[in-house]
Amino acid sequence: MVHQRRTIPVWLFLSVLLVTVAAIMGAALLVGSADLSPGQALSALWRAILGQPADDTAARIVLGIRLPRIMLAVAVGGGMGLAGLASQTLFRNPLASPYVLGVSNGAAVGAVAAMLLAGKPFGYGSVPAMSIVGGCSVGAIVFTMARRSSHFGHSLLLAGIAISAFCSALTAAALYLAGERLQTLVFWLMGGLWQATWRDVLLVAPVTVAAIVGLIAAAPAMNVALVGERSASDLGVNVRRLQTLLLIVVSVTISVAVAVSGVIGFVGLVVPHLLRMIVGADHRGLVPASAAGGALLLLVADTLARTVAAPVEVPVGIVTAMVGAPLFLWLLRRRAGYGGWA
Amino acid sequence: MILQAEHITFAYDAAQNVIQDACLELQPGVVTGLFGPNGSGKSTLLRCLNGSLNPQSGRVFLDGQAVAAMDRRAVARHIAVVPQDTPVDVPLTVHEVVMLGRYAQGSTWAQETREDARIVSVCLERLGIADLANRPFSHLSGGERQRAVIARALAQQGSVLLLDEPNTHLDLAHQLEIYRLAKTLAEEGQSVLIICHDLLVSPLMVDRAVVMDRGKIVAIGPVHEVFDARLLAQVFATKASISWGDASTVRAQFG
């Protein structure tokens, strides 16, 4: 599509974005809190690539701790970017984010409940499973309620806000009752990737890949959806089917993201919005850009989170907001128009 | 293509029928005006005609095929709608908005073809807004926006065109332009329905009139046979004496 705003072609921007993600992934492997020089890390990595036995400390740190964490940051960040874009298109509102639907709060309730009841805060299994149950249940409840109404989008928004508030209250109640586990829970709720394992990567990466494929396939219909439900239907979009797809993408990606990393804010809101300013609102470019942009933001934020105050970890949610917000404000100042979208 | 509505009855809730037993046929080459006071069910009938509302009873056929059984994409390939109002906050350029009209014709994965781009240019040209192609849709005036939406409907290249008060935001010159465009499209073989709000200009610009009152079709036929003093009094609560010269000249005196 012809685009006045677009200063560089989408394919070029996407390529630059992907190369940047790859470069930062490589760089992030070489830095960390462990007493390991970049040279040692590089040689451990090189030995692994050559298939030589790697059971020394350097290899365990680079391949067993840093690499899964980097992969997880990319997978979770990409999923959050896509979920943010899907919710903004679903609500036809650039201020929407997965949080508005209540899915993240639902997933958080599930996770907090699992931690309190299991008595084993970070054991694998119960926390991710309960997050997914919590998040997807909220998605399903909100969807079922909205589906009965004639104004799907508005009902979805209102039901989401109400359930979100209800879930926040449940989380607050759980914190109130947490006793000595309060600090663990609060730290977990702030979000972070320090628990990253290969199992987490195997849980999240397929979901993110499926979300990319689903949204790329739906991109032309998502473009049409920008003119409103009625007109989209008149122009040939099966609006209910599109809304169902978008809601499933948001619910599942956010649930698995919360399951492995807690509640990390801001990525889903800021990434699609920021990229819309650069590549335009055409979803065929915006879908892959949001995935890559989300991956980039979370990867940079998480790398900073684990290095700036090493050996202490800064919760990554603090970094995403501190890096993302000024950038966002700077871009916002330079742009005007487009009905408030960009 | 012939669009045929047979005994349509529609209600948003059980208490009251918005459309009561409406029968209507739109034929290629004919511009039909749909008239009626506010709240008489004109827009609802239009939404039933393209299958975006499902009537409680009765059916709509497109060349004999039931519209209710077609998917939205198939309907949009044949029937284009210009809605009464359209959201302003659309983050697209005029060219992009008109290109959305090509959605139903394209395959899911395809980029727009050169043919799509050519069709969009022709439609922009026809509505006189080619110079606005790269403007953000949200920056347009009401009239420009209306013309962009009509261009989008033309880009669908259907054979039935349904316009819901297309003249709301247009000045008289542009209103006449839209009627002339409708006439040209009809001559090209389209079946055209225009919901008309005003009774001064539009009766002179359409071939056929359908008049609705409280959900029922109360008159249907050539304009000069339909619009008479009795109809204006009964349906529009307006006292007037009307004398038609021929189908395009009329003398009316409002009392």
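So, Leu163 of chain B stands opposite Ile194(B), which sits in β8(B). The strands here are β7 (residues 160-164) and β8 (residues 191-195) of chain B; they run parallel and are joined by five bridges. When I say strand or helix, I mean DSSP runs numbered from the N terminus, with at least two residues of E for a strand and at least four of H or I for a helix.

Quick housekeeping: this is a predicted model, where local features need pLDDT of at least 70, side-chain atom pairs count only at pLDDT 80 or more, and totals for chains, interfaces and linings use all residues. Residues are numbered from 1 along each chain as its sequence is written, while chains are lettered from A and ligands numbered from 1 in the order in which they are written.

Back to the strands. They belong to an open sheet of six in chain B, with mixed pairing and the order β6-β7-β8-β3-β9-β10; pairing takes at least two DSSP bridges between two strands. Across β6 and β7 of chain B lies helix α5(B), residues 142-155, at about 175° to β6(B).

Now, what is Ile194(B) in contact with, leaving aside its neighbours within four places in sequence? Leu163(B) again, plus Val31(B), Gly33(B), Leu34(B), Pro166(B), Ala182(B) and Val206(B). Contact means C-beta atoms, placed from the backbone, within 7 Å.

Ile194(B) also turns up in the largest nonpolar core, which has 181 residues; it is one of those with the most contacts inside, along with Ala111(A), Val249(A), Leu299(A), Val98(B) and Ala151(B). A core here is a set of buried Ala, Val, Leu, Ile, Met, Phe, Trp, Tyr and Cys residues joined through C-beta atoms within 7 Å, and buried means 20 or more other C-beta atoms within 10 Å of a residue's own. The helix α3(A) gives the most to this core, 15 residues.

Over in chain A, the axes of α2 (residues 38-49) and α3 (residues 57-91) come within 9 Å and cross at roughly 80°. Axes are lines fitted to C-alpha atoms, for helices over the stretch in contact, with angles from 0 to 180 degrees between N-to-C directions. That makes α2(A) and α3(A) roughly perpendicular to each other, a label covering 65 to 115 degrees.

Last, the interface: 30 residues of chain B are in contact with 28 of chain A. On the chain B side, the largest share, four residues, comes from α3(B).

How values were computed: Contact = placed C-beta atoms within 7 Å. Parallel < 35°, antiparallel > 145°, perpendicular 65-115°, else oblique. Buried ≥ 20, exposed ≤ 12 C-beta atoms within 10 Å, placed from the backbone.
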